[in-house]
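Let's take a walk through this two-chain model together. Keep the viewer open and follow along as we go.

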Amino acid sequence: MTKRTVTSVFLGAAMMALFAFAPAINKLLSSKTHVKLFSTTPAENIEANNYKSVSVIDTKTGDVVFSVPMQSFEFEKALMQKHYNSPKFLDTKKYPKAKLVAKITNLSEVNFEKDGTYSAKVKGTLELHGKTNSVDEKATITVKGSAIKVNSTFNITLADYNIAFEDGKPSTNIAKTVAITVEADYAAKD
Amino acid sequence: MGASNHSNKQKISKVMTRKKIIKIALILIGVSAIIGGGVVYYMFNMPHRDVQATKTDYSLKASAIVNEYFADANKANEKYLDSEGESKVLEVQGVVYDITDDFNNNKVVRLKSDEEKAGVSCTFTAEGNASVANLKKGDVLTVKGVIRSGAAFDSDLDMYEDVIMEKCSLVSK
């Protein structure tokens, strides 16, 4: 091999590496998030809030990922929070994160470059408490300049995630289905 | 006569003892009911742990805890996380990467140097927010708070996730 070919091969490789690691401008990142759990029974209403989730949306492929640190849910009552975290319920030491991996299935109806409010269909899986189930929900995407906001409300059935309340007080005080409200502000990922 | 008088006295004292026992038992039941009720009431209304008033479990550099998680996440979770959510209280030293606000209007300070892949994301308390108002990127500081989760590369997010700390406040050194 001549010196020239070596140089050009090296340059070519360098160029490819540069392209491979170029910042992906089609990715949106959110670390400003709010995930709320809400359970209602005749006995009581229970609410928990989490502000530490991280989410990424790929505007080209429609991929949506949400990573939720489970110990960041805060309840009004300290005892409820302890129950929630304990191995009997969510076992957050063993399963510190929940994760939604989904895709916007009607991506052609969402324009991330044009101001407006779009209804997105989101389909994928939710991994929670070590169990993965399919989810098929709706979300609202609001585009205003470079600021992109996502809102969604959906229900999950606790039994689907092996979260069982067989004995004692919590079984009558916690609903079988819990409403999840999600809010996230996105910006271009650097 | 004298003998029967004596046995009468014995009977009376037996009745007295029985009454006394019943009385004491009732008092004991009453007291334990009050204590029991008090405990249940306290448990139900138990205040949240005051992280800032809790003794620090570990004092370390931001890069050190991140590397502990990179090396063995399970081992680090075992060390730092609590099964009832009352995880370890840490004092973490690091360099300010950025400061943002969350939806709760609390300050979030990320401790990470430019060349590191992941850092420690610290959400401050409402009381602690003012203390970080004048901070800027590059400042070196120590933050006390409770750990919620560790750092790792997430292939779905296609990025590194930071160690998460909440209930944070600046530690003056």
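Predicted model: local features only at pLDDT ≥ 70, side-chain atom pairs only at ≥ 80, totals over all residues.

Residues are numbered from 1 along each chain as its sequence is written, while chains are lettered from A and ligands numbered from 1 in the order in which they are written.

Let's begin with chain A. Its secondary structure comes to three helices and 10 strands; these are DSSP runs numbered from the N terminus, with helices (H or I) of at least four residues and strands (E) of at least two. Along the sequence, the pattern reads α-β-β-β-β-β-α-β-β-β-β-α-β. Chain A has 190 residues, and 31% of them are buried. Here "buried" means 20 or more other C-beta atoms within 10 Å of the residue's own, "exposed" means 12 or fewer, and "partly exposed" is in between, with C-beta atoms placed from the backbone.

Now for the strands, which count as paired if DSSP finds at least two bridges between them. Strand E8(A) (residues 131-144) runs antiparallel to strand E9(A) (residues 147-157), with five bridges.

What about the core? A nonpolar core is a set of buried Ala, Val, Leu, Ile, Met, Phe, Trp, Tyr and Cys residues joined through C-beta atoms within 7 Å. The largest one has 35 residues, and Ile141(A) and Tyr186(A) are among those that touch the most other members. Apart from neighbours within four places in sequence, Ile141(A) is in contact (C-beta atoms, placed from the backbone, within 7 Å) with Val110(A), Tyr118(A), Ala120(A), Ile148(A) and Val150(A). A second, separate core of 29 residues includes Ala62(B), Val66(B), Val92(B) and Ile164(B).

That brings us to chain B. Its helix H2(B) (residues 62-71) has Ala62(B), Ser63(B), Ile65(B), Val66(B) and Tyr69(B) buried. Because they cover an arc of only 165° around the axis (taken from the directions from the helix axis to the C-beta atoms), they end up on the same side of H2(B). Exposed Ala64(B) and Ala71(B) are on the face turned away from that buried side. In helix H3(B) (residues 73-80) you'll find Lys79(B), which is partly exposed because it has 16 other C-beta atoms within 10 Å.

Finally, look at where the chains meet. The contact takes 27 residues from chain B and 26 residues from chain A. On the chain B side, helix H1 (2-44) and strands E5 (140-149), E7 (159-161) and E8 (163-170) each supply at least two residues. That side divides into nine nonpolar, nine polar and nine charged residues, where Ala, Val, Leu, Ile, Met, Phe, Trp, Tyr, Cys and Pro count as nonpolar, Asp, Glu, Lys and Arg as charged, and the others, Gly among them, as polar.

Definitions and conventions
Contact = placed C-beta atoms within 7 Å.
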